Amino acid sequence: MDLTIAGAPGKIILFGEHAVVYGRPAIAVPVQDVRATAEVKNNPDAGTSTVFLEAPDIGFSGWLHAAPVDHPLAKITIHTLQALGLTSFPAIKLKVTSTIPVAAGLGSGTAVSVAVVRALSTHLATLLPPEQQSSLAFEVEKLHHGTPSGIDNTVVAFERPVYYLRDRKIKPFSIRSPFNLLIGDTGIASNTSVAVGNVRKGWNADPSHYEQLFDAIGQISEQARQAIQRGPIGKLGPLMDRNQDILHDLGVSCRELDDLVSAAISAGALGAKLSGAGLGGNMIALVEPETQDAIEVALREAGAVRVLRTEVQT
Ligand code: PMV
């Protein structure tokens, strides 16, 4: 096989971000409308056995042996080759591209990692199972912040909705009826390590208050799980609003996110909240087919630089 192409989806967190780092449950779903793609080609011209990396979207290219070891693309490549038991680098070219907005809470880095594991393992041996795709991607998550919960790599590698509790095996999670979300981008880069670090500082300063906030978020995630599994989906709206209020109290919202959340609600969304680490990035709004056009217009007028539509389904 000369060429192997593999992909992985983006993701959004519906409920529970930040609290999930502290052992509370969270819910995340894959977003198939945006994807990362990895392409592996044999590279007989290389002369010597080594890997050439190319990531045109971020203007990066170079030999694996010369790349910084903490470069995410180098790290996932090396971890995958080790997992496949290779003792020397194969002569290949690995190219990654992505349609997932970067630093936006949509899992772009994770999707690149999972796409790379899938493409390399398929090309050089056989496709590694989702558990291993997830644990390899988790190693790279640690570069972004020291205490990743593991939710991003899990939802992207398993490509299905997850009700996630740190260090627990994922449980099957079915969706009673599909529902629609708009994903509105503030256009401001969300820095996960800064947001997670701020929450950590707050928790260190006042652990009992933060534990209460995390408990409240955990209860919301649990109620949301029941609403998603049993219906009615409309129950999710007020739960999103309450989750957003607590994220605001945690200090991870920002004016631009608040503006998009208010605009969505005023235009008829059933609920809205930030999604992911916050301090920028994306928000999500629960919409009905008949109101989504008006809500999309309202989001753009309130400053959204991009609005994606997605249907959440099992
Ligand atoms: O990196 P993001 O924006 O997808 O957010 C990750 C979610 C957090 O709960 C904030 C961190 C984590 O490790 O779960």
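Colleague: Which pocket does the ligand take?
Modeller: The space taken by the ligand is the largest pocket. A pocket here is an open set of points on a 1 Å grid over the protein atoms alone, where a 1.4 Å probe fits and protein lies on both sides within 12 Å along at least five of seven lines. A molecule sits in a pocket if more than half of its atoms lie within 2 Å of the pocket's grid points. As for the ground rules, this is a predicted model, where local features need pLDDT of at least 70, side-chain atom pairs count only at pLDDT 80 or more, and totals for chains, interfaces and linings use all residues. Residues are numbered from 1 along each chain as its sequence is written, and side-chain values use heavy atoms, with hydrogens and water left out.

Colleague: How many residues surround the ligand?
Modeller: The ligand has 15 residues around it, and the closest are Lys11, His18, Ser149, Thr192 and Ala277. A residue counts as near if one of its heavy atoms lies within 4 Å of the molecule.

Colleague: Which elements give two or more residues to the shell around the ligand?
Modeller: Those are β1 (3–15) and α4 (151–158). Helices (H or I, at least four residues) and strands (E, at least two) are DSSP runs, numbered from the N terminus.

Colleague: Is Ala277 buried or exposed?
Modeller: Ala277 counts as buried because its relative accessibility is 10%. Buried means under 20% relative accessible area, exposed means over 50%, and partly exposed is in between, with a 1.4 Å probe and protein chains only. Ala277 lies in the loop between β8 and β9.

Colleague: How do β8 and β9 pair?
Modeller: Strand β8 and strand β9 (residues 282–287) are antiparallel, with 5 bridges. Two strands pair if DSSP finds at least two bridges between them. Ser275 stands opposite Asn282 in β9. The hairpin has 6 residues between the strands, and Gly276 takes a positive phi near 100° there. Strand β8 (residues 271–275) is mostly covered, with 5 of its 5 residues buried.

Colleague: Back to His18. Where is it found?
Modeller: His18 is found in the loop between β1 and β2 (26–42). His18 has a positive phi of about 70° although it is not a glycine. With a relative accessible area of 5%, His18 is buried.

Colleague: And β1, why is it largely enclosed by the rest of the structure?
Modeller: Strand β1 is described that way because 11 of its 13 residues are buried. Strands β1 and β2 pair in the antiparallel sense over 12 bridges. One of the bridges joins Leu3 to Lys41 in β2.

Colleague: Different topic. Which residues does a cis peptide bond join?
Modeller: The cis peptide bond joins Gly231 and Pro232, with omega about -10°. Pro232 lies in the loop between α6 (207–230) and α7 (236–249).

Colleague: What about phi of Ala103?
Modeller: Phi of Ala103 is near 50°, a positive value in a residue other than glycine. Ala103 is in the loop between β5 (92–98) and α2 (108–124), and counts as partly exposed at 32% relative accessibility.

Colleague: One more place: what does the side chain of Asp185 reach?
Modeller: The side chain of Asp185 reaches the backbone nitrogen of Gly187 at 2.8 Å. Asp185 is found in strand β7 (residues 179–185) and is buried, with a relative accessible area of 6%. A polar contact is a pair of N or O atoms within 3.5 Å; within protein, one must be able to donate a hydrogen and the other to accept it, and residues adjacent in sequence count only if both atoms are side-chain atoms.

Colleague: How many residues apart along the chain are Glu311 and Asn180?
Modeller: Glu311 and Asn180 are 131 residues apart along the chain, and their C-alpha atoms are separated by 4.5 Å. Glu311 lies in strand β10 (residues 306–312).

Terms used. 1 Å grid on protein atoms, 1.4 Å probe; cavity = no way out; pocket = protein on both sides within 12 Å on 5 of 7 lines; lining within 4 Å.
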